[in-house]
Amino acid sequence: NDNILYLPDYAFDNETLAVNLSYSIVSENNVSLVDCSIDVAKYLDCNVKTGFGFSRVKLMVSDGTYNDSENVVIAVVNTPPYFSSPVPDVNLTAKSGWNYDILNLSFYAQDDFTGSRDLNYKLLSESNTSLVDCKIDSNKFLDCNVLVSNEEGYSRIVLEVSDGEFSVND
């Protein structure tokens, strides 16, 4: 995440403007979760990995003669994905065989931290696989094969969406 903190907003020196002070990172205690740097515009930037927890980042400010340091805690939270709109019912024609790209599942699920195309989708159950059998393809589309030629009915499917940490189903 870029530009988390503009460091000159948090520093003061009687002789030197905050924008002319130098800023550095002294230590970080959890770089496997959060890895921070200071960019040329004097913003604290942090690369956040998947997971949750926190990292304590010790920052130093200097006017060239005197130094001061302060700890900043970067907290990483994750929320579960969710189905943002109901996955619609689909009608398929008898004897139609494979029906590809019926639904783009990424249109129906969201996550506050993971893009919908990067979420994982799973078919948990189908109530009538002798009538229609479905799968999720590698492009996050639902594909279904209508197996019976003259029978009407339905198959209820249960979908799961996961961000790698949390999962929910519809």
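Reader: Which residue has a side-chain polar atom that lies 2.7 Å from the backbone nitrogen of E15?
Author: The model is predicted. A polar contact needs N or O atoms within 3.5 Å, and a distance of 2.7 Å falls inside that limit. The side chain that supplies the polar atom for the backbone nitrogen of E15 is that of D13.

Reader: Which other backbone nitrogen does the side chain of D13 reach, and at what distance?
Author: D13 is placed in the loop between strand 1 and strand 2 (22-28). From there its side chain reaches the backbone nitrogen of T16, at 2.9 Å.

Reader: How far from D13 is the nearest side chain of opposite charge?
Author: D13 is buried and has no salt bridge. A salt bridge requires a nitrogen of Lys or Arg within 4 Å of a carboxyl oxygen.

Reader: Where is K42 found, and what is its phi?
Author: K42 is in the loop between strand 3 (34-38) and strand 4. K42 is not a glycine, yet its phi is positive, at about 70°.

Reader: Is K95 buried or exposed?
Author: K95 lies in the loop between strand 7 (82-83) and strand 8 (97-104). Its phi is also given as positive, about 60°, although K95 is not a glycine. Its relative accessible area is 61%, and the cut-off is over 50%, so K95 counts as exposed.

Reader: How many aromatic pairs are there?
Author: Rings pair if their centres lie within 6.5 Å. By this rule the count of aromatic pairs is two.

Reader: What kind of pair do Y6 and Y43 form?
Author: The ring centres of Y6 and Y43 are 4.8 Å apart, with 45° between the planes. The pair links distant parts of the chain, with Y6 in strand 1 (residues 5-6) and Y43 in strand 4 (residues 43-48), 37 residues apart. Y6 is partly exposed at 25% relative accessibility, and Y43 is partly exposed at 26%. Planes under 30 degrees apart count as stacked and over 60 as edge-to-face, so the 45° between Y6 and Y43 makes the pair tilted.

Reader: Which residue pairs with W98?
Author: The pair is stacked, with 5.8 Å centre to centre and 15° between the planes. W98 is partly exposed at 36% relative accessibility. Its partner, exposed at 54%, is Y100.

Reader: Which residue has its charged end over the ring of W98?
Author: The charged end lies 5.4 Å from the centre of that ring. The residue is K135.

Key:
Residues numbered from 1 in each chain as written. Predicted model: local features only at pLDDT ≥ 70, side-chain atom pairs only at ≥ 80, totals over all residues. Heavy atoms only, no water. Phe/Tyr/Trp six-rings, centres within 6.5 Å; stacked < 30°, edge-to-face > 60°. Helix = DSSP H or I, 4+ residues; strand = E, 2+ residues; numbered from the N terminus. Buried < 20%, exposed > 50% of the residue type's maximum accessible area, 1.4 Å probe, protein only. Lys NZ or Arg CZ within 6 Å of the ring centre and 35° of its normal. Lys, Arg positive; Asp, Glu negative; His and termini not counted. Polar contact = N/O pair within 3.5 Å; in protein donor to acceptor, adjacent residues only side chain to side chain.
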